[in-house]
Amino acid sequence: MGNFLIHPADNVEVCLENGHKYARRAIKQGEAVIKYGFPIGIATQDIAQGEHVHTHNLKTALGGSRHYTYSPAPCEAAPTEASTVSAYVRTNGQIGIRNDIWIIPTVGCINRVAERIAQETGALCFTHPYGCSQLGDDLLFTQKTLCGLIKHPNAGGVLVLGLGCENNHIAALQQVLGDYDVSRIRFLNAQDCDDEITEGIRLVNELKELAEKDERQEVPASKLAIGLKCGGSDGLSGITANPMVGRICDRLTAMGAACVLTEVPEMFGAEQLLMNRCESKEVFDKTVKLINGFKEYFTRHDQPVSENPSPGNKEGGITTLEEKSLGCVQKGGKATVTDVLYQGDTVKKSGLSLLNGPGNDMVAITNLTAAGCHLILFTTGRGTPLGAPVPTLKIATNTALAEKKRGWIDFDAQGETDDKLLELLLETANGKPTKNEENGYREIAVFKNGVTL
């Protein structure tokens, strides 16, 4: 397959067979290594033309918080035809592309009860280990994340299952929840009844009867909110799958839809590209706060901001975080950055929103779901079975992975076209199940940043 040159300014090219980098010309020790047209680190020794460039001769140049300059570089919206999808219209005007019944435990102590009720009723339950022995922002992160799930429009009904003695007891959670559709959400404290399983089954069955009356309606695709995620990335992620998702993002946002990019550490080294696409100085300032704030999160814990990529990323050809980030942010295409979101925020604006949170796959897909994303485009070069509570389309960076892991992968970015991916996205919104749904692979993980009592 040979080597691939991404940008004319690059001094490395990528082998399409293994995703690794090779020097196009001699690179001196201390010289910047260029990929995607931007520095991805510093050569730690002289590198000869044709030599493999990786962890043995390349290091990151990332540091801590820094000053940024707003240099707007707006891009024209991609011409595209408006589309429609068939969805469930909720009482608040939001749409859902699924009509499942969800069980959300307030605390980890009640997880097994939630699972038993789910097994008896066919509801989906999302267990987690938190909700008690947490303080301050740590408890609030848990509450805001759970509230985002409870109010998610893909759920036709939700049973909130509490124990009764936890910090995150139902009354406390309701204070964070605010207004909600009282006909679609039920609350149950297990300590308050003789048989919590029977009562839980009764409440879920009530919700199922209500949801069965719902019917899909044709609505504009502009009402969609799409999460963008990569996991198990390799050296082809920034060449095949991520750019393809970026072009889909451009087409969706041109229709008036919303796309959400998260994994803030995987913006480090590529953040200026996003900042230059901010629609205003106000959004730029919020983006600077987002980036520097997450860097300060690392430094507060005496950890380097560059402690990434993962072992699997490195085996797949990615060496530094700058390199990973420059590939990662391509999922956002050239769309205008219109908003910055934190835990508890729900996506409200069309265009590209940046969502606070780590790169960790389980936390990131949970954050995207809690922010209101209807489905997630998840690119992968190494492969992963992980799925969110919402449909999670797995997009392989290479045909070999797509063929090897047919039970995990929904789409082959190396062998298919943009039009085919957009078609699959719309079919998924209309009800076609993804591999994670067929397999029953749905997980959540709550971001933790505090003391456990």
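Mentor: Please do, and keep in mind that the model is predicted. Let us begin with aspartate 302, found in the loop between α7 (281-300) and α8 (311-315).

Trainee: What is the phi of aspartate 302?
Mentor: Its phi is positive, about 55°, although aspartate 302 is not a glycine.

Trainee: Is aspartate 302 buried or exposed?
Mentor: Aspartate 302 is exposed, since its relative accessible area is 68% and the cut-off for exposed is over 50%.

Trainee: Now serine 133. Where is serine 133 placed?
Mentor: Serine 133 lies in the loop between β11 and α2. This residue, although not a glycine, has a positive phi of about 60°. Serine 133 is partly exposed, with a relative accessible area of 24%.

Trainee: On to α2, then. At what angle do α2 and α10 pack?
Mentor: Helix α2 (residues 136-150) and helix α10 (residues 361-370) pack at an angle of about 55°, and their axes are 8 Å apart. The two helices are therefore oblique to each other.

Trainee: Which residues meet there?
Mentor: From α2 there are Thr145, Gly148 and Leu149, which meet Thr366, Thr369 and Ala370 of α10. By class, this contact of α2 with α10 has two nonpolar, four polar and no charged residues.

Trainee: And how do the axes of α2 and α3 cross?
Mentor: The axes of α2 and helix α3 (residues 170-177) cross at roughly 70° and come within 9 Å. Hence α2 and α3 are roughly perpendicular to each other.

Trainee: Which residues of α2 and α3 meet?
Mentor: On the α2 side they are Leu140, Gln143, Lys144, Cys147 and Ile150; on the α3 side they are Ala172, Leu173, Val176 and Leu177. The contact of α2 with α3 has, by class, seven nonpolar, one polar and one charged residues.

Trainee: Let me switch to sheets. What is the order of the open sheet with β10 to β13?
Mentor: The four strands run in the order β11-β10-β12-β13, and the pairing is parallel. The edges are β11 (124-125) and β13 (185-189), each with a single partner strand, so one side of each is left without a neighbour in the sheet.

Trainee: What packs on that sheet?
Mentor: Helix α1 (residues 111-121) does, touching β10 (100-105), β11 and β12. The direction of α1 makes about 165° with that of β10.

Trainee: How many bridges join β12 to β13?
Mentor: Strand β12 (residues 155-162) is joined to β13 by five bridges, and the two run parallel. As one example, leucine 159 has arginine 186 in β13 as its bridge partner.

Trainee: Which strands form the antiparallel sheet?
Mentor: That is an open sheet of four strands, ordered β1-β2-β3-β6. Its edge strands, β1 (3-4) and β6 (52-53), each pair on one side only. Within it, three bridges join strand β2 (residues 12-15) to strand β3 (residues 21-23), and valine 12 has alanine 23 as its bridge partner in β3.

Trainee: Next, β18. Why is β18 described as largely enclosed?
Mentor: Five of the five residues of strand β18 (residues 351-355) are buried, so the rest of the structure largely encloses this strand. Strand β16 (residues 258-261) pairs with β18 in the parallel sense over four bridges, and cysteine 259 stands opposite leucine 352. Strand β17 (residues 337-341) also pairs with β18 in the parallel sense over four bridges; there, valine 337 stands opposite leucine 352.

Trainee: How many residues of β15 are buried?
Mentor: Six of its six residues are buried. Both faces are covered, with Ala225, Gly227 and Lys229 on one side and Ile226, Leu228 and Cys230 on the other. β15 pairs with β16 in the parallel sense over four bridges, where glycine 227 stands opposite valine 260.

Trainee: Last topic: what should α12 span?
Mentor: At 1.5 Å a residue, the twelve residues of helix α12 (residues 418-429) should span 16 Å; the end C-alpha atoms are 17 Å apart, which agrees. Buried residues of α12 include Leu421, Leu422 and Leu425. The elements they pack against include β8 (84-89), β15 (225-230) and α5 (241-255). After α12 comes glycine 431, with a positive phi near 125°.

Methods:
Residues are numbered from 1 along each chain as its sequence is written. This is a predicted model: local features need pLDDT of at least 70, side-chain atom pairs count only at pLDDT 80 or more; totals for chains, interfaces and linings use all residues. Side-chain values use heavy atoms; hydrogens and water are left out. Axes are lines fitted to C-alpha atoms, for helices over the stretch in contact, and angles run from 0 to 180 degrees between N-to-C directions. Angles under 35 degrees count as roughly parallel, over 145 as roughly antiparallel, 65 to 115 as roughly perpendicular and the rest as oblique. Contact means heavy atoms within 4.5 Å. Ala, Val, Leu, Ile, Met, Phe, Trp, Tyr, Cys and Pro count as nonpolar, Asp, Glu, Lys and Arg as charged, and the others, Gly among them, as polar. Two strands pair if DSSP finds at least two bridges between them. The expected span of a helix is 1.5 Å times one less than its number of residues. Buried means under 20% relative accessible area, exposed over 50%, partly exposed in between (1.4 Å probe, protein chains only).
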